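Hi there,

Here is the structure I promised to pass on to you. Have a look at it first, and then read my notes below.

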Amino acid sequence: MERKRRRDSLLCFLLLLVLVTGCRTPKNVDAGNIKGDITIDELVRMQAFTPTLMNLSSKLKIKARVGEKELSVGGTLGIEENKGIQIGITALGLFEVARMELTPSSALLINKVEDEYASLGSGTLGILQQAGLSYEVLQAIFTNVPFLFDGSDMRKTLSQMDISRVGNDITLVTPKRGATQYTFYLDALTGELQQTSGTYNQSVKVDCYYSDFTELEGRSFPRKIQLNVQGAGTPITLDLTLSNIREGKFRFKSTDTKSMKQIDVSRIINVIK
């Protein structure tokens, strides 16, 4: 029974990895157009484009559905802006069994049960090699902002998108880059980013939904994030519920792996089978 709990915890963790690394930041090159009663100046003043959260921590509940199978685990989330993201998975809510650590230049998957770690570099997992690992995308997903800019000027980037407003619904569509295209859905009244949808690899679609917003440091912030993947074989859904959310407390610190055994990520997958 205990081994099964550890297995399910690590499986949820690996599913989270596959989902969030399936997104890439698009490089926009074409000119867009605007339809409806909205301007770029109005957009940049909206909450979604004026993020204020620098350091975020929360408890995390993950419910994964892979086809008809369901798994549920608890964990923690910590983000220090532009420095690192730390996602921990716990068994029985008592002890951490796995951890993913991401920085702008590195990615580690740590199996604390076996005191082992794997570096998730290019070629380590097929999904990473195909889609690339964008730290900026992961940071944006968990802090409820569009991942649009690649460090470029916000107004210039928005001017390259198709923008439309119907009632209180604002839609932003990036130009296609190969087979990749993203659509962002905002609420015109609150300025909240409520959904991100992306298509890539010609057939795979990823949808990210935000809900159950709460007040956090002067802005509203979602307590629920749902990630769906269609077109990559078995449909995958991750429901992430955040609680005890705090801003300004978390400081990212990489795990000291000197005493751990470095292995290929396939070994971690084999451990949980």
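Let me start with Phe184, which is buried, at 0% relative accessibility (buried means under 20% relative accessible area, exposed over 50% and partly exposed in between, with a 1.4 Å probe and protein chains only). Tyr182 is buried as well, at 3%. One aromatic pair was counted, and Tyr182 and Phe184 form it: the rings are stacked, 6.5 Å centre to centre with 20° between the planes. For this count, rings of Phe, Tyr and Trp (its six-membered ring) pair if their centres lie within 6.5 Å; planes under 30 degrees apart are stacked, over 60 edge-to-face, and the rest tilted.

Please keep in mind that this is a predicted model: local features need pLDDT of at least 70 and side-chain atom pairs 80 or more, while totals for chains, interfaces and linings use all residues. Residues are numbered from 1 along each chain as its sequence is written, and side-chain values use heavy atoms, without hydrogens or water.

Now for the whole chain: 52% of its 273 residues are buried. There are six helices and 15 strands (DSSP runs numbered from the N terminus, H or I of at least four residues for helices, E of at least two for strands).

Strand S8 (residues 162–166) runs parallel to S1 (residues 34–35), joined by two bridges, with Lys35 partnering Ser164. Two strands pair if DSSP finds at least two bridges between them. S8 also pairs with S9 (residues 169–173), antiparallel, over five bridges. These two strands form a hairpin with two residues between them, and Gly167 in the turn has a positive phi of about 65°.

Enjoy exploring!
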